[in-house]
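This briefing covers pockets and helix packing in one protein model. The structure is shown first, and the notes follow by topic.

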Amino acid sequence: MTVRPMTADDLDLVLSWASAEGWNPGLKDAAAFLNSDPGGFLVKTVEDRPIAAISVVNHNADLAFLGLYICHPDFRGQGYGMEVWQAGIAHAGNRCIGLDGVPAQQDNYAKSGFNRYGKTVRYQGRLNPDSDQVLSVVKTPAPLIALDAAYTGIARNRFSTAWFTAMPTRVTVSLTKSDSTSEFATIRKCREGSKIGPLYANSPQSVEALFAGMPAEYCAGPVFIDVPDSAPDLATLVMDRGFEQVFETARMYSATPPKTDLPRFHSVATLELG
């Protein structure tokens, strides 16, 4: 029995567990996740069979983000989850650790020294893009990496580089073709429908323009967006569009969280990595 770093195949397996729990990960999240911190994805095995997992991604020298804390249903209640938890916390070292905790685990996280700083609500709805307003897909992620760091207070260059690089199942669209853009959104295909995240915009008109300009192939099914309570106007906007709440998490940190400079309208990139 051992705890070891995940392979790409291990992570695909763990993401399938997450899908079975209703977390609805993206179709091709694994490569971007592993690019962020290959040593931060840990799996517990018994007789070479993965049975429990956690990710604690060290974004930089100050902050790590915890996610994908999950045990296969056949092995729950046997202490295996605590083993990967301890290994993940050790991987973070002295960094502040953030996480988005599901309701069933929030008390346990609090007992482990995590404090609640807000909540995030997942909304589900439909978008009907305007074929006359399709936005340009971002080709060069470098300007967005700097903007993401400025907005979130987290320099997470490895994650952002992968996340904002266009691929067949994930694209980022911008309101301008200039590298000086400050308003953009990423959409990715998921097990069910698509998710938008992050989204950064300064006005409701900009949000509507981003929604209208999404590539149609990403909007054929339901669209999900994770909205923190620091963006109440975005929550109101999507509810006015008929989106419904389907999921909720608490944003928690083990120490003082980073200072943010988020625009008025913003959403979470991914609950697994912040």
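**Pockets and helix contacts**

Strand β4 gives the most to the lining of the largest pocket, with six residues. The model is predicted. The largest pocket has a volume of about 640 Å³, and the second largest pocket holds about 440 Å³ of space. Two helix pairs are also described below: α1 with α2, and α7 with α8.

**Largest pocket**

- The volume of the largest pocket is about 640 Å³, and 30 residues line this pocket.
- Closest to the centre of the largest pocket are Trp23, Tyr69, Val102, Gln105 and Tyr109.
- Two or more lining residues come from each of β4 (63-71), α3 (80-92), β5 (96-101), α4 (106-111) and β11 (244-253).
- Sorted by class, the lining of the largest pocket contains 16 nonpolar, nine polar and five charged residues.

**Second largest pocket**

- The second largest pocket, with about 440 Å³ of space, is lined by 23 residues.
- Ser230, Arg251, Tyr253, Thr260 and Leu262 are the lining residues closest to the centre of the second largest pocket.
- At least two lining residues are supplied by each of β6 (115-125), β9 (194-201), β11 and β12 (265-267).
- Strand β6 gives the most to the lining of the second largest pocket, with four residues.
- The lining of the second largest pocket has eleven nonpolar, eight polar and four charged residues.

**Helices α1 and α2**

- Helix α1 (residues 8-20) packs against helix α2 (residues 29-36) at an angle of about 120°, and their axes are 10 Å apart.
- The two helices α1 and α2 are therefore oblique to each other.
- The crossing of α1 with α2 is right-handed.
- On the α1 side the contact is made by Ala8, Leu11, Asp12 and Leu15, and on the α2 side by Asp29, Ala30, Phe33 and Leu34.
- By class, the contact of α1 with α2 has six nonpolar, no polar and two charged residues.

**Helices α7 and α8**

- The axes of α7 (residues 204-212) and α8 (residues 232-240) cross at roughly 50° and come within 11 Å.
- This angle makes α7 oblique to α8.
- Helices α7 and α8 have a right-handed crossing.
- Pro204, Val207, Glu208 and Phe211 of α7 meet Leu234, Leu237 and Val238 of α8.
- The contact of α7 with α8 consists of six nonpolar, no polar and one charged residues.

Definitions and conventions:
Residues are numbered from 1 along each chain as its sequence is written. This is a predicted model: local features need pLDDT of at least 70, side-chain atom pairs count only at pLDDT 80 or more; totals for chains, interfaces and linings use all residues. Side-chain values use heavy atoms; hydrogens and water are left out. Axes are lines fitted to C-alpha atoms, for helices over the stretch in contact, and angles run from 0 to 180 degrees between N-to-C directions. Angles under 35 degrees count as roughly parallel, over 145 as roughly antiparallel, 65 to 115 as roughly perpendicular and the rest as oblique. A crossing is left-handed if the near helix is turned anticlockwise from the far one by less than a right angle, and right-handed if clockwise. Contact means heavy atoms within 4.5 Å. Ala, Val, Leu, Ile, Met, Phe, Trp, Tyr, Cys and Pro count as nonpolar, Asp, Glu, Lys and Arg as charged, and the others, Gly among them, as polar. On a 1 Å grid over the protein atoms alone, a cavity is a set of points where a 1.4 Å probe fits but cannot get out, and a pocket is an open set with protein on both sides within 12 Å along at least five of seven lines; lining residues have an atom within 4 Å of a point. Grid points are joined across faces, edges and corners, and a volume is the space filled by probe spheres set on the points.
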